[in-house]
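Reader: I am new to reading protein models. Can we work through one in short steps?

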Amino acid sequence: MKFTTALLMLASLTPLLQANQSKGNPNIIVILGDDIGWGDIGCYGATRIKTPHIDGLARDGLRFTDAHASAAVCTPTRYSTLTGQYSWRRNAPGLNKGVANADSPLLIPTDMETLPKILQQAGYRTGAIGKWHLGFGLSKPDYNQDLRPGPLEIGFDEFFGFPATNDRVPTVYVRDHRVINLDPADPIAYSYEKPPAGSPLSRFVASRNRIGWMSGGKAARWKDEELADTLTHEAVSFIEHNQESPFFLYFAPHDAHAPTIPHQRFKGRTGLGGRADMVEELDWSVGEILRTLDRLKLADETLVIFSSDNGASKAKEQNHRPNGPYRGVKSQLWEGGHRVPFIARWPGYITPGASSSLIGLVDLPATAAAIVSVELSDGAAPDSFNILPDLLGKPNPNPRDHLVVMSGKGDLAILQGPWKYIPDLSVADGWSSWSKKAPHRNATKLIGAGLYNLAEDPGENTNLAGENPETVQRLVTLLDSVQSNPTTRSPRP
Ligand code: CA
């Protein structure tokens, strides 16, 4: 680090560090919704879906308008959020393409620096509650046995949640290393390959068609309509029993991922269907977390971040645009796939307002390290930028200059300034069908490279690649450099 840069950073952090010395490090809660689009939230423009608690967070905090998941699907974004590394740097299914099934081994190496480990070093109690989707064990996990290594081996003191997605078998809860309420006389069997005729393995669990087949574990299975209540209760309980120490809660609700089965309390509330009702259910969960902080008088010493792991899976519902003005849906390289809501509230530190800084969920590890003054080791969180100055409304001496995003099929695009470069438009739709789901139906087959000026054309309608060869070349070179260098963090460790 240059001496002047170091001085600048020190100057910008000094008031914070002084405050921390008197108040201690803040609790940190990251709430990561599932498939929640940029436009699903009231403070981002939704009118048909009511999200008063999330809107309240934005009213008292900072709302980012150019925040991105590192991928347009679940597993790779969650990997990057917890490790600060672009997932496609690892050659593993679920990281460089697609998402993990529940038969995946643990995808985060146990010797890797992680967001929860950074905070453990600073004396935090750490908990992960909700969707995991990052695998268990060293090979295909046996859900009747210890699920080790898992969240506890990559930095969490506590884990409660479910293995993969709410539409994937096995549909059971795991606490720490074990499936809970499992009757040994009714062991869990599961497969993601079609079983032979006559097998007891079934795709239908609780009358819903799932991804994969399972049998057994009947006493351990969750009820879809109770998922939000159960996960929220666990999150509130985690805060309650860790209120005396600084804590880090990674709360990953299943809302609003398919199958869209909200609790009866929320069913039909929006008139837009189950997915939209689940967004209101998620807002309720956020409200319960905030209410708990108020009740325990922890709100003033807690940084709360709300975001989503990728864009919404639908482009349009009646009078509602889940991904706001942005083109495309989950899994796609278009903005609707990866531009997500991102709100941060930290009373007394974060000045309420909006920020157009380019940030990524991959930035959380380096930012957390800066908050608690832990120095990242060489090579740790290699793609993670410290965005604490952005949160605090101060000039960032090392701002994120560009960001790489990945589709559900593992293809990349790069964002820099107003520009978005997609090297191969023929794969920009990820695994989603463009013609069925896109708001701007486009009969023309997309070919070649795409260059869009997002400041002037947020809907990515006009390809400017042909008339801007120099910008294209610059972004080709930049993307090559990001791919060929093991780190993008500046200053490099
Ligand atoms: Ca997701």
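Predicted model: local features only at pLDDT ≥ 70, side-chain atom pairs only at ≥ 80, totals over all residues.

Reader: Which residues coordinate the calcium ion?

Author: The coordinating atoms lie at 2.2 to 2.7 Å from the calcium ion. Along the chain, the donors follow the spacing D-D-x38-C-x234-D-N. The residues are Asp-34, Asp-35, Cys-74, Asp-309 and Asn-310.

Reader: Is the site of the calcium ion octahedral or irregular?

Author: The site has six donor atoms. Six count as octahedral if opposite donors are over 155 degrees apart and all others between 65 and 115. Here the angles run from 52 to 159°. The site is irregular.

Reader: How many residues apart are Asp-35 and Cys-74, which link distant parts of the chain?

Author: Asp-35 sits in the loop between β1 (27-33) and α2 (52-59). Cys-74 belongs to helix α3 (residues 74-83). Both residues are buried.

Reader: What covers the buried residues of α2?

Author: The buried residues in α2 include Ile-54, Gly-56, Leu-57 and Ala-58. Their cover includes β2 (62-64), α6 (274-295), β12 (302-308) and β13 (342-345).

Reader: Why does Ile-414 count as buried?

Author: Ile-414 is in strand β17 (residues 412-416). Leaving aside neighbours within four places in sequence, its contacts include Trp-419, Tyr-421 and Leu-475. Buried means under 20% relative accessible area. Ile-414 counts as buried because its relative accessibility is 0%.

Reader: What distance separates the C-alpha atoms of Ile-414 and Leu-333?

Author: Along the chain, Ile-414 and Leu-333 are 81 residues apart.

Conventions: Residues numbered from 1 in each chain as written. Heavy atoms only, no water. Donors = N, O, S within 2.8 Å, 3.2 Å for Na, K, Ca; no water. Tetrahedral: all angles 85-135°; square planar, octahedral: opposite > 155°, others 65-115°. Helix = DSSP H or I, 4+ residues; strand = E, 2+ residues; numbered from the N terminus. Buried < 20%, exposed > 50% of the residue type's maximum accessible area, 1.4 Å probe, protein only. Contact = heavy atoms within 4.5 Å.
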